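Student: I have a new model on my screen and would like to go through it residue by residue. Please start once we both have the view open.

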Amino acid sequence: DIAAKGYVNLLQQTKAFKGYDNSFFKSRRAFFGAGYYSHIVAEVVDTVGCLFDGADELVVLDAGCGEGGYSVALEHVLADSGKKAQILSFDIAADAIKVAAGNDNVKWMIADITNIPVKDDAADCILDVFTPANYKEFDRVLKADGYLIKVVPGSAHLQELREAVRSQLQNKDYSNEDVTDYFEEH
């Protein structure tokens with residue numbers, strides 16, 4: 001069943017994730033809407049746009065899409081340029097998809113990254129922006145000549161903010177090395 005807001009729930013059970021509720025995703029949408037990450041959005045959109053060389057239409061999968069900012073930006077830019085893409089976006093957090101879904105041509109799904117509800121070799125491109133990865137599933141759904149666009153926070157990501165609240169942090173020393181090493185390994 002497609003919900004009134006235009007998404008499908010492909011999980012038998014959804015659970016609430018502490019801190020990842022409707023309020024969080026609305027705040028995140030407002031933060032992105034204010035342009036704080038516009039330089040990253042522009043790079044992601046431009047990179048996907050480069051993949052159209054000779055292709056009539058692409059299938060783009062936005063894994064762990066959160067409130068959908070990257071998917072919506074991509075859909076708008078591609079539509080304005082006359083390029084066609086099927087954008088399939090999902091997140092395990094139901095509240096994220098409820099905030100994301102709306103008046104656009106993105107296909108929104110509540111789904112789990114450990115069992116992506118897409119057939120084998122279906123995606124031309126997977127976006128994995130600031131979110132966990134499941135490279136076994138990515139390999140399954142990505143076409144042999146497909147692309148994975150992975151965005152990882154840099155080593156100085158939110159450094160000033162982390163320093164201001166350092167006494168409240170459990171992990172005082174941020175590092176992205178585990179994520180980048182895991183990515184390189186796969």
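Student: In which helix does Ala 73 lie?

Tutor: This is a predicted model, with residues numbered from 1 along each chain as its sequence is written; local features need pLDDT of at least 70, side-chain atom pairs count only at pLDDT 80 or more, and totals for chains, interfaces and linings use all residues. Side-chain values use heavy atoms, with hydrogens and water left out. Helices (H or I, at least four residues) and strands (E, at least two) are DSSP runs numbered from the N terminus. On that basis, Ala 73 sits in helix H3.

Student: Which residues is Ala 73 in contact with, leaving aside its neighbours within four places in sequence?

Tutor: For scale, Ala 73 and Ser 38 are 35 residues apart in sequence and 9.7 Å apart in space, C-alpha to C-alpha. Contact means heavy atoms within 4.5 Å. With neighbours within four places in sequence set aside, the partners of Ala 73 are Val 41 and Val 45.

Student: Is Asp 124 buried or exposed?

Tutor: Asp 124 lies in strand S5. Not counting residues up to four places away in sequence, Asp 124 touches Glu 57, Leu 58, Val 59, Leu 142, Lys 143, Gly 146 and Tyr 147. Its relative accessibility is 14%, so Asp 124 counts as buried.

Student: With which side chain does the side chain of Asp 124 make a polar contact?

Tutor: A polar contact is a pair of N or O atoms within 3.5 Å; within protein, one must be able to donate a hydrogen and the other to accept it, and residues adjacent in sequence count only if both atoms are side-chain atoms. The backbone nitrogen of Val 59 lies 2.7 Å from a polar atom of the Asp 124 side chain. The side-chain partner, at 3.1 Å, is Lys 143.

Student: What is the length of the polar contact that joins the side chains of Asp 120 and Arg 140?

Tutor: Asp 120 is found in the loop between S4 and S5, and it is partly exposed, with a relative accessible area of 46%. Setting aside neighbours within four places in sequence, Asp 120 is in contact with Arg 140 and Val 141. The polar contact between the side chains of Asp 120 and Arg 140 is 2.8 Å.

Student: What is the phi of Phe 130?

Tutor: Most residues other than glycine have a negative phi. Phe 130, in the loop between S5 and H5, is partly exposed at 30% relative accessibility. Its phi is positive although it is not glycine, at near 55°.

Student: Which element gives the most to the lining of the largest pocket?

Tutor: A pocket is an open set of points on a 1 Å grid over the protein atoms alone, where a 1.4 Å probe fits, with protein on both sides within 12 Å along at least five of seven lines; lining residues have an atom within 4 Å of a point. The lining of the largest pocket has 36 residues, with Tyr 20, Arg 28, Phe 130, Thr 131 and Pro 132 nearest the centre. Helix H1 (22-33), strand S3 (84-91), strand S6 (142-151) and helix H7 (177-185) each supply at least two residues. The most, five residues, comes from H1.

Student: Which element supplies the largest share of the lining of the second largest pocket?

Tutor: Among the residues that line the second largest pocket are Tyr 135, Lys 143 and His 186. Helix H5 (135-141) and S6 are the elements that give two or more residues. The largest share, five residues, comes from S6.

Key. Buried < 20%, exposed > 50% of the residue type's maximum accessible area, 1.4 Å probe, protein only.
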